[in-house]
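Trainee: I have a model open and want to learn how to read it. Can we go feature by feature?

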Amino acid sequence: MYYYFYKTDYPYDDGTLFFCIGPVLDNRISEKHILDIIEENSLSRLLTPELIKFYDQLPVKQDIHIFEQTIMAVYSGIFGRELILSELSGNALSYEKQDFTEPSLLSSKVADTVESFYRLENLMMDAISSGNAQEALSAYSQQNNLTFAPRPGDPVENLRRRYIILNVLCRKAIEKGGVHPVYIDSISSNFAIRVASVSPAELEAIPEQMIRGYCEAVRKFSFKNYPALIQNCLLYLEQHYADNPSLSYVAEKHFVSRQYLSSLFKRTTGKGFTRCLHECQLRHAAELLKNTSLPVAHIAECCGQKDVSYFTKLFREYYGVSPREYRK
């Protein structure tokens, strides 16, 4: 950015009056350049809409030399004397450094525009796709505080419609994050039912629950960087966990040796095949404990574990409490 300061002979209070022209740019600032600025100065990416709006408002003079000559000619015509330019380094200017360390709070500098609304929406979706709940909630909070004319109709129904849209956005975000559709459908359906059925008083908590739930799904179920074979095997376990399939059976189904599949599971997931199967069974058991009144023994059998004592042992190791305690 270029600034031009001019000292005059006019007194101003106890000092001398200065004119300032600027800032102007010699080239349009790209969004990539803005992201570089944010990274170099350790700022939050949530400031992107503010910085884009700021730089977009600045005039661009592609030939700074001609611009300077024009200013000098105008100055000479007004003040009747020649002007000589002297270049100062950037640190010759003093400024008050502002604190941008609280990205979770709405900054008054975020432009209250439709453009900002959609930029914050994209930031939220990017954060969800990487499993970053804190940044996603911060972007949603800032977007939620932008003021637009209220929609006509029942406010509660308007909120339900808005949260249905949020559910769709979150769904698309975790798909980009590498979560398989079989998981996405389950999570999305669950939140769709809740949005439609909870009381008006409970609606307020839905967005945070939704964003945190989808981010957790990315952290747990993202297969983005897994080999295709492991992705297919994990999906198979998700669909057939109740059958308690063995490693040999799954390897045969996917036309590889038992030893190769076992080794690939450990290298890829950091866990053995059996551990991945048990975690899948336990996650489904936890859902049944939360949402049904089925006996623990029946839930264990539904999830592929006929020995309820062994099931309880596995459940306690994974969740830190017994199935009955978890249900309470």
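Predicted model: local features only at pLDDT ≥ 70, side-chain atom pairs only at ≥ 80, totals over all residues.

Trainee: At what angle do helix 13 and helix 15 pack?

Mentor: Start with the rules. Helices are DSSP runs (H or I, at least four residues) and strands are too (E, at least two), numbered from the N terminus. Axes are lines fitted to C-alpha atoms, for helices over the stretch in contact, and angles run from 0 to 180 degrees between N-to-C directions. Here helix 13 (residues 273–291) and helix 15 (residues 308–319) pack at about 90°, with axes 10 Å apart. Helix 13 is therefore roughly perpendicular to helix 15 (65 to 115 degrees).

Trainee: Which residues of helix 13 and helix 15 meet?

Mentor: Contact means heavy atoms within 4.5 Å. Among those in helix 13 are Leu-282 and Leu-289; helix 15 brings residues including Phe-311 and Tyr-318.

Trainee: Which residues of helix 10 are buried?

Mentor: Buried means under 20% relative accessible area, exposed over 50%, partly exposed in between (1.4 Å probe, protein chains only). In helix 10 (residues 228–240), the buried residues include Leu-229, Cys-233 and Glu-238. The buried residues of helix 10 pack against helix 7 (181–197), helix 11 (247–253), helix 12 (258–269) and helix 13.

Trainee: Which residues touch the most other members of the largest nonpolar core?

Mentor: In soluble globular proteins, nonpolar side chains tend to be buried together. A nonpolar core is a set of buried Ala, Val, Leu, Ile, Met, Phe, Trp, Tyr and Cys residues joined through side-chain atoms within 4.5 Å. The largest one has 65 residues, and Met-124, Ile-128, Ile-174, Ile-211 and Leu-261 touch the most other members. Beyond four places in sequence, Met-124 touches residues including Tyr-140 and Leu-166.

Trainee: What is the phi of Ser-42?

Mentor: Most residues other than glycine have a negative phi, and most peptide bonds are trans. Phi of Ser-42 is near 55°, a positive value. Ser-42 lies in the loop between helix 1 (31–40) and helix 2 (48–57). Ser-42 counts as exposed because its relative accessibility is 67%.

Trainee: Which peptide bond is cis?

Mentor: The one from Gly-22 to Pro-23, with omega near 5°. Pro-23 sits in strand 2 (residues 15–24).

Conventions:
Residues numbered from 1 in each chain as written. Heavy atoms only, no water. Parallel < 35°, antiparallel > 145°, perpendicular 65-115°, else oblique. Expected span 1.5 Å × (residues − 1).
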